[in-house]
Amino acid sequence: MELMQVQGLLPTNFIFYITAILLTVIVISWKPLPPGPMGWPIIGNMLMMDQLTHKGLTKLSEKYGGIIHLKMGFQHTVAVSSPEMAKQVLQAQDNIFSDRPATIAITYLTYDRVDMAFADYGPFWRQMRKLCVMKLFSRKRAESWASVRDEVDSMIKLTAENSGLSVNLGEMVFGLTHDIIYRAAFGLSSLEGKQEFISILQEYTKLFGAFNLADFIPWLGFIDPVGLNTRLPAARSALDGFIDKIIDEHLKKEKKAVDENVESNMVDEMLAFYSDENIGNNVDDLQATIKLTRDNIKGIIMDVMFGGTETVASAIEWAMTELMHTPEALKRVQQELADVVGLNRRVEESDFEKLTYFKCVIKETLRLHPPIPVALHQSAKATEIDGYHIPKGTRVMINLYAINRNKHDWKDPDVFNPSRFLQTGTPDFKGNNFEFLPFGSGRRSCPGMQLGLYTMESALAHLLHCFTWELPDGMKPSEIDMGDVYGLTAPKATRLVVVPTPRLFCSLY
Ligand code: HEM
């Protein structure tokens with residue numbers, strides 16, 4: 001009888017102990033999601049969609065901390081707004097956080113993400129990145145740098161022609177960067193199609209930013225209020241028609257084996273990886289390993305257009321805006337140009353290194369107005385940050401705007417004060433100081449930084465050295481609209497309009 005009782009009890013006790021151990025393990029290893037506002041069933045925090053901007057996320061981080069969690073429909077979303085958390089994502093665990101989130105529109109418009117900017121981290125992305133860094137955006141590609149110089153010269157000429165008149169500087173610098181990148185990508189002979197290409201780009205920008213319910217709740221894809229189902233194929237076929245024609249023209253040109261001194265552009269450069277004939281002994285290492293399809297070429301052209309035009313243009317417009325808004329800084333930077341270069345000649349590239357305060361103006365502009373205010377990454381697997389659970393496939397929004405203005409690392413963070421960069425030990429933007437990240441950091445950081453900085457420096461140095469600037473119609477600096485609009489970039493909400501007057505004793509063109 002006693003034996004039977006023991007036998008009967010054993011399994012019950014056994015189950016109890018195993019359950020207790022399992023529960024303890026679950027409780028110990030269970031990690032909460034990062035803090036954040038409560039959401040609704042199914043839709044989660046989707047009613048807060050309008051707060052997912054650089055400024056909205058900054059406000060939320062003031063309430064919930066440097067890492068916050070939101071649920072957009074079925075999509076886990078984490079916003080990172082402090083240097084410490086950014087370091088976790090971009091350095092300590094960058095192998096996990098180097099994927100890119102892609103919406104349905106992005107996936108469709110990038111031919112299923114066969115470009116570089118929207119490709120997930122992996123061997124394909126690595127090859128594309130190598131091609132961009134070593135060939136397309138390299139300092140060795142003198143043609144890109146030459147197109148910056150030529151187009152800046154044209155802008156100075158145009159400005160001089162409008163001396164004493166109100167000039168829409170915002171529009172002018174957006175035109176400048178489109179011309180530079182268009183020329184660097186396609187070459188001079190293609191300039192005539194520029195307007196058609198810009199309208200394709202504008203439609204792409206709208207589609208990239210359009211709200212699509214199916215991105216968050218996949219089974220509601222039939223609800224299509226902005227007509228994505230027809231606009232997406234129309235936009236892609238317009239781009240196909242445009243770039244296919246250019247590729248065919250370049251291929252014909254190659255076949256004719258034109259003069260080797262002809263200026264090469266990015267399409268030419270990529271076509272070296274397109275032809276099967278390149279596999280052989282007479283090719284460099286990169287050509288032997290990378291093969292490009294037409295879709296790859298189209299995708300990369302779009303990356304360059306999106307990455308290299310609005311970013312640089314908005315940075316130039318913001319620099320001029322902040323200087324007009326802070327007359328002492330404008331006076332000081334122009335005095336430096338007069339002292340270092342003199343008023344008898346135009347500024348040259350070799351002068352840039354000597355323009356210490358001018359360089360501080362560039363840095364301070366990129367600190368206050370990082371052209372890409374929020375960098376988007378995605379987690380490739382489940383992980384933990386600061387004791388919080390981050391599920392696989394979480395969309396990570398790195399708020400570069402909030403990081404660059406955080407109160408712990410920057411005194412009077414919202415004030416435009418270029419002199420702060422004169423102090424030794426002030427952070428630099430190369431990606432090692434996580435309190436100042438205009439170009440991001442780590443694997444997915446900006447590959448076009450050198451070209452972008454060169455364009456920004458050239459345009460600003462010439463504008464500031466060649467002209468004195470005034471606001472139109474007696475407007476006061478304090479009346480300048482300092483608001484921005486949030487999208488892929490954060491340009492000024494209203495364009496900067498200013499009046500130039502030549503200030504050099506030599507001819508401007
Ligand atoms: C002032 C100028 C510029 C700034 C501030 C800037 C900033 C950035 C930032 C913040 C990122 C995202 C980093 C991340 O996701 O962590 C990025 C990525 C990128 N940028 Fe720039 N950028 C500039 C100019 C350019 C130019 C001139 C080009 C090309 C000609 C370019 C091409 C790209 C590309 C292709 C990527 C995606 C890289 C990848 O996914 O691996 N950018 N940039």
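Trp410 is buried, and Phe421 is buried as well; buried here stands for under 20% relative accessible area, exposed for over 50% and partly exposed for what lies in between, with a 1.4 Å probe and protein chains only. This is a predicted model, in which local features need pLDDT of at least 70 and side-chain atom pairs count only at pLDDT 80 or more, while totals for chains, interfaces and linings use all residues. Residues are numbered from 1 along each chain as its sequence is written, and side-chain values use heavy atoms, leaving out hydrogens and water.

**Aromatic pairs around Trp410**

Let us stay with the rings for a moment. The whole structure holds 19 aromatic pairs. Rings of Phe, Tyr and Trp (its six-membered ring) pair if their centres lie within 6.5 Å; planes under 30 degrees apart count as stacked, over 60 as edge-to-face and the rest as tilted. Two of the pairs involving Trp410 are set out here.

| Pair | Centre to centre | Angle between planes | Type |
|---|---|---|---|
| Trp410 and Phe421 | 5.8 Å | 50 degrees | tilted |
| Trp410 and Phe436 | 5.8 Å | 80 degrees | edge-to-face |

Trp410 and Phe421 both sit in the loop between α16 (400-404) and α17 (449-466), eleven residues apart. Phe436 belongs to the loop between α16 and α17 too, 26 residues from Trp410. Helices here are DSSP runs (H or I, at least four residues), as strands are (E, at least two), numbered from the N terminus. Trp410 has a relative accessible area of 3%, and Phe436 is buried at 0%. Ring pairs join Trp410, Phe421, Phe429, Phe436 and Phe439 into a cluster.

**A buried threonine**

Thr365 lies in helix α15 (residues 356-368) and is buried, its relative accessible area being 0%. Leaving aside residues up to four places away in sequence, Thr365 touches Ala315, Trp318, Ala319, Pro370, Phe416 and Met456, where contact means heavy atoms within 4.5 Å.

**Helices α6 and α7**

Now for a helix pair. The axes of α6 (residues 142-161) and α7 (residues 169-186) come within 9 Å and cross at roughly 150 degrees. Axes are lines fitted to C-alpha atoms, for helices over the stretch in contact, with angles from 0 to 180 degrees between N-to-C directions. The two helices α6 and α7 are therefore roughly antiparallel (over 145 degrees; under 35 is roughly parallel, 65 to 115 roughly perpendicular and the rest oblique). Residues of α6 including Val148, Val152, Met155 and Leu158 meet residues of α7, among them Met172, Val173, Leu176 and Ile180.
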